Amino acid sequence: MSFEAEVVSRLPQLRRYARTLTGDPAWADDLVQDTAERALVRNSAFRAGTNLRAWLFTILRNLYIDQLRARREIAVDDECAPWRFLEAPRTEVDGLLLRDVQRALYQLPLEQREVLLLVGVEEMTYQEASSVLAVPMGTIMSRLSRAREQMRMLLSGERVPKVAPLKVVRNTS
């Protein structure tokens, strides 16, 4: 299979991940298109024998972060974000459950949501997710555990304790 065909075969996975990251189908489509374009133009940067899927997800994630910075917004935590007001079909129990899961997912911190999507939805290994997010594998496991626990609490109606974000402490010695 050619490089181009392999990139094209990954487009549905990229689109699913982009839609979940952005919460906006149009933005997600643009993000996937930009990812595919960058991958095809810079195909010489891909090392044969390495994980193409992880490489493409890394490109998509980096483009997403760049676009967030350019917009000067944190779309994933925005109180008026479109996914906060999504409605499920009134007669479908499955639609209501899906809406609840979606709302809970967007209440997770971005770091936890990314890991949950990569490992739980995209079925990446911890090592692949570690490569995509450029964090140690232990961090992946920790974030995934916290994300699963918080999702469980959100979906069961338990009160989720507010936790202050971790501070980065520099070693001065």
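Modeller: Let us begin with helix H8, residues 137–156, in this predicted model. At 1.5 Å a residue, its 20 residues should span 28 Å, and its end C-alpha atoms are 29 Å apart, which agrees.

Colleague: Which residues of H8 are buried, and what makes a residue buried?

Modeller: A residue counts as buried when its relative accessible area is under 20%. In H8 the buried residues are Ile140, Arg143, Leu144, Ala147, Gln150, Met151 and Met153. After H8 comes Gly157, with a positive phi near 85°.

Colleague: How do you know that the length of helix H6 agrees with its number of residues?

Modeller: H6 covers residues 110–121, and at 1.5 Å a residue its twelve residues should span 16 Å. The end C-alpha atoms of H6 are 15 Å apart, which agrees with that expectation.

Colleague: Why is H6 called largely enclosed by the rest of the structure?

Modeller: Nine of the twelve residues of H6 are buried, so the helix is largely enclosed by the rest of the structure. The buried residues are Leu110, Gln112, Arg113, Glu114, Val115, Leu116, Leu117, Leu118 and Val119. Just after H6, Glu123 has a positive phi of about 55°.

Colleague: Why are helices H2 and H4 called roughly parallel?

Modeller: H2 (residues 11–22) and H4 (residues 52–71) pack at an angle of about 30°, with their axes 11 Å apart. Angles under 35 degrees count as roughly parallel, and H2 and H4 are therefore roughly parallel to each other. The contact is made by Gln13, Leu14, Tyr17, Ala18, Leu21 and Thr22 of H2 and by Arg53, Leu56, Phe57, Leu60, Arg61 and Tyr64 of H4. These residues divide into eight nonpolar, two polar and two charged.

Colleague: What makes H2 roughly antiparallel to H6?

Modeller: The axes of H2 and H6 come within 11 Å and cross at roughly 155°. Angles over 145 degrees count as roughly antiparallel, which makes H2 roughly antiparallel to H6. The contact is made by Arg16, Tyr17, Thr20 and Leu21 of H2 and by Leu110, Arg113, Glu114, Leu117, Leu118 and Val121 of H6. The residues of this contact comprise six nonpolar, one polar and three charged.

Colleague: How do you know whether Arg61 is buried or exposed?

Modeller: The relative accessible area of Arg61 is 14%, and the limit for a buried residue is under 20%; Arg61 is therefore buried. Arg61 lies in helix H4. Not counting residues up to four places away in sequence, Arg61 touches Tyr17, Glu114, Val132 and Leu133. Arg61 and Thr35 are 26 residues apart in sequence, and their C-alpha atoms are 9.0 Å apart in space.

Conventions:
Residues are numbered from 1 along each chain as its sequence is written. This is a predicted model: local features need pLDDT of at least 70, side-chain atom pairs count only at pLDDT 80 or more; totals for chains, interfaces and linings use all residues. Side-chain values use heavy atoms; hydrogens and water are left out. Helices (H or I, at least four residues) and strands (E, at least two) are DSSP runs, numbered from the N terminus. The expected span of a helix is 1.5 Å times one less than its number of residues. Buried means under 20% relative accessible area, exposed over 50%, partly exposed in between (1.4 Å probe, protein chains only). Axes are lines fitted to C-alpha atoms, for helices over the stretch in contact, and angles run from 0 to 180 degrees between N-to-C directions. Angles under 35 degrees count as roughly parallel, over 145 as roughly antiparallel, 65 to 115 as roughly perpendicular and the rest as oblique. Contact means heavy atoms within 4.5 Å. Ala, Val, Leu, Ile, Met, Phe, Trp, Tyr, Cys and Pro count as nonpolar, Asp, Glu, Lys and Arg as charged, and the others, Gly among them, as polar.
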